[in-house]
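Biologist: Hi! Could you walk me through this one while I have it open?
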Amino acid sequence: VHMPPMIPSPIGIVLGLLLAVISFLIFQPARPADDMAVVALAIGLSLAATASFARRCSKEWRMTPIEKMHAAFCSKIRQEVPCAQRTERGPMRAITASQLQELFSFYSHDYIKQRTMHYVHHNIVKPLTAEDRVSYAEFVGPRRVEWFVSHCWATQFAEFVESISRHSQEVPSEVEFECSYWICTFSMNQWILEEEIGVDIKESSFSLALHSESCRGTAMVIDERALPLSRVWCLYEIMATYERSKWDNRFAGVLLCSSSGVLNKGSASMDVAIKIASAVMTINLQNAGASRQADKDAIFGLVRNIEGGFQAVNGFVRTALQESLWEVHQVFNRRFGDFMKNMQGQAAMLRRLTTGWCTGLSERSSGSHDPQRDTDGFEEDEWHDAMLQEVSAASRHSGSPSTKNSEHMVALPEMEELVGQAADPADVLEGAGGTTEDCGDDVPRVGAATTTFGSRWAVTLKDQDDAAKRAVVMLTKEVVESGDGIDPQPAVIG
């Protein structure tokens, strides 16, 4: 590692100090013994301080970039948690979604990127906990478990963090301001894994956390390939979840979590849900693999000893998935229905506005327009209020200040601005040099811009300014009532 420029090396500092001392002793006249003792003490202290400084500087200069990141992260954590909080293994070593997100945010840009839990374990978790030889949960401040997390280390860590974050948002905590999660990578002491797993799987840290009274259920982080169902430890976790679900009515069973949402809550993407379902239906848990044959033999033995064996566990997973898919389907139908109602409400509002304004334009062009009243019976001063009420009502109906569900929807704030600028929409058009003409059932394609008003009237603008163009484009969308609903059609722009 190259040392920073203009900074002397530790060895140079020491040599320079020794040279100065030797020169002092050689060229200075003889001094009394007391003076020499003081000089010797000063020289000794200087040498000790220099050696300590040199050792520290040498260590910092030898640090790699990721080691410097570790030092910075440790310093940040120690401001919140002065020292590691050692706890018994099992349910007391959970972490929150915020603590997980904090780690990911700190390392994601330069190091984690698209890497998996394997990288995070070897290059981040172990170095951070090396000094205290504790679990990561003890390092950052442990919590009592609420949700046991079942996952595969081959999943991208970014996707894993997003899945847990979505679960935390959709499933509120019952004891604190956010849920806590038992995650093997962070909840087990990676320096004493043999002790964490133990001789009997039922006494392992996995089992202690999953069967604890505070555990509300299993959150399985699952991707489109359904990777967790291919690992033997996830098989054990599903089996334990299945067994507890049979006698504990408060236990939520398994919640399938993806980066797009929790399938059981119906918030996940329909596409993701279908892909996961396709993968799960082809998986047989009896084909799950393990890094250690002893673990696989022990877990397979436990599964075979429960009632129904592998068939029962496979059925449990597929039933949970089937229920989740149905919930996703129901939520999608509700959202689609709400979306269509909003579209119809906006279309109806546009139809009322454009119909009234086009009639006004027709009367004005024929000379029968009464300047004091419009076709809806409003006074000139009442026109603003009537239009703004229409716009505000539509805004409240859509639940947002603007409707952007489709490219042909109107941006309501812009409409309010345009309504407030003109006493009559014809004023905007005439001020820009526009004309109106009765075109029957045909829409003329002439002029700089031609916009259809219903099926009879068209406005042709020549040399219009931006305000007029916006008025035409935003306020004169053709709305055609057809079939069982409203079919909004984009304006025809010449």
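Modeller: Happy to, and keep in mind that this is a predicted model. A definition to start with: axes are lines fitted to C-alpha atoms, for helices over the stretch in contact, and angles run from 0 to 180 degrees between N-to-C directions.

Biologist: Good. At what angle do the axes of α3 and α4 cross?
Modeller: At roughly 165°, with the axes of helix α3 (residues 65-80) and helix α4 (residues 97-112) coming within 12 Å. Angles over 145 degrees count as roughly antiparallel, and that makes α3 roughly antiparallel to α4. Their crossing is right-handed.

Biologist: Switching topic, how many salt bridges does the structure hold?
Modeller: There are 15. One of them pairs E146 with R216, where the closest N and O atoms are 3.2 Å apart.

Biologist: Where do E146 and R216 lie?
Modeller: E146 is in the loop between α6 (136-140) and β2, and R216 is in the loop between α10 (205-210) and β4 (217-221), so the pair ties together parts 70 residues apart in sequence.

Biologist: And are E146 and R216 buried or exposed?
Modeller: Both E146 and R216 are buried.

Biologist: What about R225 and D223, what meets there?
Modeller: Their side chains meet in a salt bridge, 3.7 Å from N to O. R225 counts as exposed at 55% relative accessibility, whereas D223 counts as buried at 5%.

Biologist: Last one: which residues make the nonpolar surface patch of about 280 Å²?
Modeller: F332, F336 and M340 make that patch. F332 sits in helix α14 (residues 309-366) and counts as partly exposed, at 44% relative accessibility.

Note on methods:
Residues numbered from 1 in each chain as written. Predicted model: local features only at pLDDT ≥ 70, side-chain atom pairs only at ≥ 80, totals over all residues. Heavy atoms only, no water. Patch = residues over 30% accessible without salt bridge, like charges linked within 9 Å, V, L, I, M, F, W, Y side chains within 5 Å. Areas by Shrake-Rupley, 256 points an atom, 1.4 Å probe, with all protein chains shown as cover. Salt bridge = Lys/Arg side-chain N within 4 Å of Asp/Glu carboxyl O. Helix = DSSP H or I, 4+ residues; strand = E, 2+ residues; numbered from the N terminus. Buried < 20%, exposed > 50% of the residue type's maximum accessible area, 1.4 Å probe, protein only. Parallel < 35°, antiparallel > 145°, perpendicular 65-115°, else oblique. Left-handed = near helix turned anticlockwise from the far one by under 90°.
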